[in-house]
Amino acid sequence: MAATSAAARAPCAAFARCAPTTSIVAPRLGPLTRPASLRSTRGRRSLTVQNAVKYDYNTKVFEKELLTFAGSEEYIYRGGRDKFSKLPEAFAGIKQIGVIGWGSQAPAQAQNLKESLAEAGMDTKVVIGLRKGSPSESEARAVGFTEEAGTLGEVFDVISSSDFVILLISDAAQAKLYPRILAAMKPGATLGLSHGFLLGVMQNDGADFRPDIDVVLMAPKGMGPSVRRLYEQGKTVNGAGINASFAVHQDASGRAADVAVGWAIATGAPFAFCTTLESEYRSDIYGERCVILGGVHGVVESLFRRYVAQGMSDEDAYLNSVECITGPITQIISRSGMLGVYEALDAEGKATFDAAYSAAIGPANDVCREIYDDVACGNEIKSVVNAVSRFDRYPMGKIDETHMWRVGAAVRARRASLEVPLNPFTAGVYIATMMATVQTLQDAGHPFSEICNESIIEAVDSLNPYMHARGVAFMVDNCSYTARLGSRKWAPRFDYILTQQAYVAVDKGTPADAEALAAFKHADVHKAQETCAALRPSVDISVGGDDDSTGVGAGAARTEFRSQAVLA
């Protein structure tokens, strides 16, 4: 292989040089048993963390802003349509962007990029790469990507002709095809990932990226349909969108950080925060199995059964479980944080919350920490790859056809005439599950910007609104295969442990745990979330319900879902 520059040899050369007492370079996050100080990784040098985890990349086009998250300083980049004028400089030399795949993220990112680049006056072409005969070809054509226009082609043809390859095929497909993909890329091209999953696979395989290419990450903190819907809403309200994390894993050109930030802004992120591929995939795969998807699914299933067993009607049980979480609890957390929910309760409600939270926080922590360890050691990645390989025999089944979710459809049809309560027991269980998700990430050394986005913001501003609109499958199955599989695997674990441990403890009259409640009320994450809330755009996502097509259809949210084995 040809000799490479120093930048190419250093996977994170775009990291700024900062004082060693306050910064780290490309840390590898360890399992929960690992100490806070970070150790060396293959080909990289790490520094000891003191005071705060702070990632810092060198950008020449975009200005960074230093913010404080609960005492920890982190850099963020503000987005907005007023930044589109900087895209030509950020993407200098990039004549073609190849978006590979058409799953959850690809339709949103491709459309958003195409429109942002056009608004910036650029002639850079966005081209979709799909397998010949893919059922997704018709969907791509329906939103303006066609063979005739040169914006729709075969996967490897598009990869080999693109200056910037955004790889958005399923994680399992990436795991199988990455050697061919890397080999097909142009010399000096940029590989863009929206998930760090591939790094985990390559670490398991003992493989490295080609040294002559840039490798960047831009990971929206929401499923693809929400990325598209809020971008559309942002056309009238500047800054509306889904937050994103970004990282530079390899900087052969010296310009990778500006490409990554430009990608985030062009996709519609109101702000982007720094991470690494490893930190992102651990927090993301973990978070979607916890409160964001799997956890909330398990919580509502367990609460619905409990309330029916206690004598509530089916309709009231649904209102007090699902609708309570996707309605008032989500709305309050989005603007006022978890403590805002607690403060909205009266004295009797707070006592009920205390009992529910105290009983649920331990069991929820038990499952959350098991999930994180399985992600960190590679077991969850292997589980996803293995599951997808079985799709030709055992495709994913439906998750919204039980009695509970049929009740939900009837409730949604009458929602305008119904009053949704702020149930303190539901609030205590849900927030305990959210806090367990937070605590595990914090113990593993993730920065607060990542913790808040992966545990709180993505749940309340991106995903819960989809369950509110059309039920659990509309939320879960508009996500990636990795997320869909993880939710199906871990939701029953949350359901089981809450039913068998938390609710039994409450029914036995176990006193509230004063220490656990004090830890909740004084947790650092509340101040960190205040910083994030100050960055929140004023726009709430608007997505249509059962009889409303807003945000639904070709290139947007789906109502029919499939699972397909990876083909070479």
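Predicted model: local features only at pLDDT ≥ 70, side-chain atom pairs only at ≥ 80, totals over all residues.
Residues are numbered from 1 along each chain as its sequence is written, and side-chain values use heavy atoms, with hydrogens and water left out.

The secondary structure of the chain comes to 21 helices and ten strands, where helices (H or I, at least four residues) and strands (E, at least two) are DSSP runs numbered from the N terminus. Of the 568 residues in the chain, 63% are buried, a term that stands for under 20% relative accessible area, with exposed meaning over 50% and partly exposed lying in between (1.4 Å probe, protein chains only). Among the contacts (heavy atoms within 4.5 Å) with a separation of 6 or more, 82% join residues 24 or more positions apart.

The largest nonpolar core holds 192 residues, and the members that touch the most others are Ile333, Tyr430, Ile431 and Val525. Such a core is a set of buried Ala, Val, Leu, Ile, Met, Phe, Trp, Tyr and Cys residues joined through side-chain atoms within 4.5 Å. Helix 13 (residues 347-376) gives the most to this core, with 13 residues, and at least three residues are drawn from each of domain 1 (65-270) and domain 2 (287-534), the bounds of which come from an automatic or database domain assignment. When neighbours within four places in sequence are left aside, Tyr430 is in contact with Val291, Val296, Ile325, Ile329, Ile333, Ala459, Val460 and Asn464.

Helix 16 (residues 424-443) has 20 residues and reaches 28 Å from its first C-alpha to its last, close to the 28 Å expected at 1.5 Å a residue; the expected span is 1.5 Å times one less than the number of residues. This helix is mostly covered, since 18 of its 20 residues are buried.

Helix 9 (residues 256-267), with twelve residues, reaches 17 Å between its first and last C-alpha, close to the 16 Å expected at 1.5 Å a residue. Twelve of the twelve residues of helix 9 are buried, so this helix is largely enclosed by the rest of the structure. Among the buried residues are Asp258, Trp263 and Thr267, and just after helix 9 Gly268 takes a positive phi of about 110°.

Apart from neighbours within four places in sequence, Ile159 is in contact with Ile100, Val165, Ile181, Ala184, Met185 and Lys186. Leu345 lies in the loop between helix 12 (314-343) and helix 13 and is also buried, at 10% relative accessible area. Leu345 and Asn423 are 78 residues apart in sequence and 8.9 Å apart from C-alpha to C-alpha, and, with residues up to four places away not counted, Leu345 touches Lys350, Phe353, Leu422 and Pro424. Ser72, in strand 2 (residues 72-78), is buried with a relative accessible area of 13%, and its C-alpha is 8.1 Å from that of Pro447, 375 residues away in sequence.

Arg306, in helix 11 (residues 294-309), is buried with a relative accessible area of 11%. A polar contact of 2.7 Å joins the side chains of Arg306 and Asp507, the term denoting a pair of N or O atoms within 3.5 Å, of which, within protein, one must be able to donate a hydrogen and the other to accept it, while residues adjacent in sequence count only if both atoms are side-chain atoms. Beyond neighbours within four places in sequence, Arg306 is in contact with Phe425, Tyr503, Val506 and Asp507.

The structure holds zero disulfides, a disulfide being a pair of cysteine sulfur atoms within 2.5 Å. The sulfur of Cys290 is 3.7 Å from the closest cysteine sulfur, in Cys368, which is too far for a bond. Cys290 counts as buried at 0% relative accessibility, and Cys479 counts as buried at 11%.
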